[in-house]
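These are notes for a colleague who has not looked at this structure before. Please read them with the model open.

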Amino acid sequence: MDFNMKKLASDAGIFFTRAVQFTEEKFGQAEKTELDAQFENLLARADSTKNWTEKILRQTEVLLQPNPSARVEEFLYEKLDRKVPSRVTNGELLAQYMAEAASELGPTTPYGKTLIKVAEAEKRLGAAERDFIHTASINFLTPLRTFLEGDWKTISKERRLLHNRRLDLDACKARLKKAKAAEAKATTVPDFQETRPRNYILSASASATLDDTSRPPSWAEWKEDYPGGWRRPCFFLVPLNPSVTRARGCLSLPKDRKLWNDEADKAEQELRVAQTEFDRQAEVTRLLLEGISSTHVNHLRCLHEFVESQTTYYAQCYRHMLDLQKQLGRFPGTFVGTTEPASPPLSSTSPTTAAATMPVGPSVAGLAPPGEAALRLEEVAPPASGTRKARVLYDYEAADSSELALLADELITVYSLPGMDPDWLIGERGNKKGKVPVTYLELLS
């Protein structure tokens with residue numbers, strides 16, 4: 001217990017010294033050791049990385065889980081180190097409602113059959129969303145959290161230690177400066193030596209002088225009372241501060257100079273130790289700050305993986321909806337959308353312009369309109385100019401004989417014909433020819 005109290009008192013003294021030094025620096029009353037420009041740039045870069053990582057992390061969490069209550073629940077499960085329970089996605093919940101509605105309204109009616117088809121598509125969309133959230137959480141959110149909760153906490157701890165070492169260093173510099181100034185001041189005062197006998201009787205003037213404790217007797221006063229020299233010794237010293245010693249009778253200045261010499265030597269030794277600790281801590285902190293570059297490389301890799309998972313997710317969603325549109329387009333009934341084009345076909349479209357067009361997704365009318373389905377592809381000849389090479393991005397299964405089945409990464413020749421829907425092109429591969437969706441292709445120059 002005694003050891004703990006001593007350590008507590010020592011820590012309190014260090015804390016008080018640092019607080020005083022910090023306050024004096026803020027008011028401009030003390031010198032501050034400045035870090036080099038490169039170190040300051042590393043600190044600013046680290047702070048910027050931390051701030052933007054937090055913002056990106058929070059917004060990505062909102063993107064993956066828009067419900068704030070669900071995010072709070074997942075946060076509590078994570079802090080309690082418990083597995084987050086499986087949650088039904090919005091698409092899966094919608095699919096469940098549609099299936100129940102079709103069962104109650106009649107699964108054999110056109111509306112019921114359509115509800116069942118859409119429910120199946122929404123269920124697949126919900127499963128794709130679940131996979132995307134899981135993949136993005138592991139490949140993107142987890143590395144960001146690891147940086148903020150691991151690496152950044154280590155950097156912050158070392159920066160606090162460096163700040164304390166700097167305060168200690170500046171405090172040692174201030175102590176050494178004061179000791180040097182006091183030593184120089186004590187050197188300019190003449191030495192007084194004691195030559196009086198031990199047994200003496202003070203005169204009235206000397207007693208009056210010694211009773212005045214507000215100041216020490218001057219050399220002129222002593223010479224006036226004792227013209228024969230120092231015949232009575234100094235009999236009782238009262239220390240005022242480390243630089244000046246007041247005596248009722250004399251000043252012990254040689255001893256003061258020795259004390260200040262010792263004080264200056266001690267301050268120099270403490271300054272050397274503080275400088276060594278500061279330099280060592282600065283080097284450790286610098287190495288950690290330079291590691292931010294590796295963090296950027298890691299986050300760049302994670303960002304690429306996030307983009308890949310998001311691309312896969314949207315591609316799956318597009319394929320599911322494309323299949324659903326094809327099913328609805330072939331399904332007879334009153335509740336199926338009209339087969340008329342959503343927009344009138346272009347009357348005159350140059351092959352080059354049509355081939356360069358890359359819309360977001362095909363319309364329902366562009367899938368298999370009756371007018372184009374009756375088109376005899378064997379009679380279609382490629383234009384003299386306007387053909388381009390295209391790389392297939394995803395596998396595509398032909399819905400009918402007018403379409404061309406595609407395999408990912410293969411190269412085909414594509415071109416457009418006047419009056420065609422802009423979401424489709426004519427594709428050729430060897431002797432085979434058929435319509436292909438533009439969104440499945442990457443047009444090459």
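Is the crossing of α4 and α5 left-handed or right-handed?

1. The crossing of these two helices, α4 and α5, is left-handed. Please keep in mind throughout that this is a predicted model. Helix α4 covers residues 90–105 and helix α5 covers residues 110–187; their axes come within 7 Å and cross at roughly 165°. Because angles over 145 degrees count as roughly antiparallel, α4 is roughly antiparallel to α5. On the α4 side the contact is made by residues including Gly91, Leu94, Ala95, Met98, Ala102 and Leu105. On the α5 side, the residues in contact include Tyr111, Leu115, Ala119, Glu122, Gly126 and Arg130.

2. As for the whole protein chain, it has 11 helices and 7 strands. Of its 445 residues, 32% count as buried. Among contacts between residues at least 6 apart in sequence, 73% join residues at least 24 apart.

3. Helix α2 runs over residues 37–64, and its length can be checked. At 1.5 Å a residue, its 28 residues should span 40 Å, and the end C-alpha atoms are 40 Å apart, so the two values agree. At the N-terminal end, Asp36 caps α2, with a side-chain oxygen 3.2 Å from the backbone nitrogen of Gln38.

4. Which residues of α2 are buried? They are Phe39, Leu42, Leu43, Ala46, Thr49, Thr53, Leu57, Thr60, Glu61 and Leu64. An α-helix has 3.6 residues a turn, so residues three or four places apart point the same way.

5. Leaving aside neighbours within four places in sequence, Leu289 is in contact with Phe39, Leu42, Leu43, Ala46 and Ile155. With a relative accessible area of 0%, Leu289 is buried. Arg159 is 130 residues from Leu289 in sequence, while their C-alpha atoms are 9.6 Å apart in space.

6. Thr413 is placed in strand β4 (residues 411–415). Its relative accessibility is 19%, and buried means under 20%, so Thr413 counts as buried. The side chains of Thr413 and Lys389 are joined by a polar contact of 3.1 Å. Not counting residues up to four places away in sequence, Thr413 touches Thr387, Arg388, Lys389, Ile426, Gly427 and Glu428.

Terms used
Residues numbered from 1 in each chain as written. Predicted model: local features only at pLDDT ≥ 70, side-chain atom pairs only at ≥ 80, totals over all residues. Heavy atoms only, no water. Helix = DSSP H or I, 4+ residues; strand = E, 2+ residues; numbered from the N terminus. Expected span 1.5 Å × (residues − 1). Buried < 20%, exposed > 50% of the residue type's maximum accessible area, 1.4 Å probe, protein only. Polar contact = N/O pair within 3.5 Å; in protein donor to acceptor, adjacent residues only side chain to side chain. Axes fitted to C-alpha atoms, helices over the stretch in contact; angles between N-to-C directions. Parallel < 35°, antiparallel > 145°, perpendicular 65-115°, else oblique. Left-handed = near helix turned anticlockwise from the far one by under 90°. Contact = heavy atoms within 4.5 Å.
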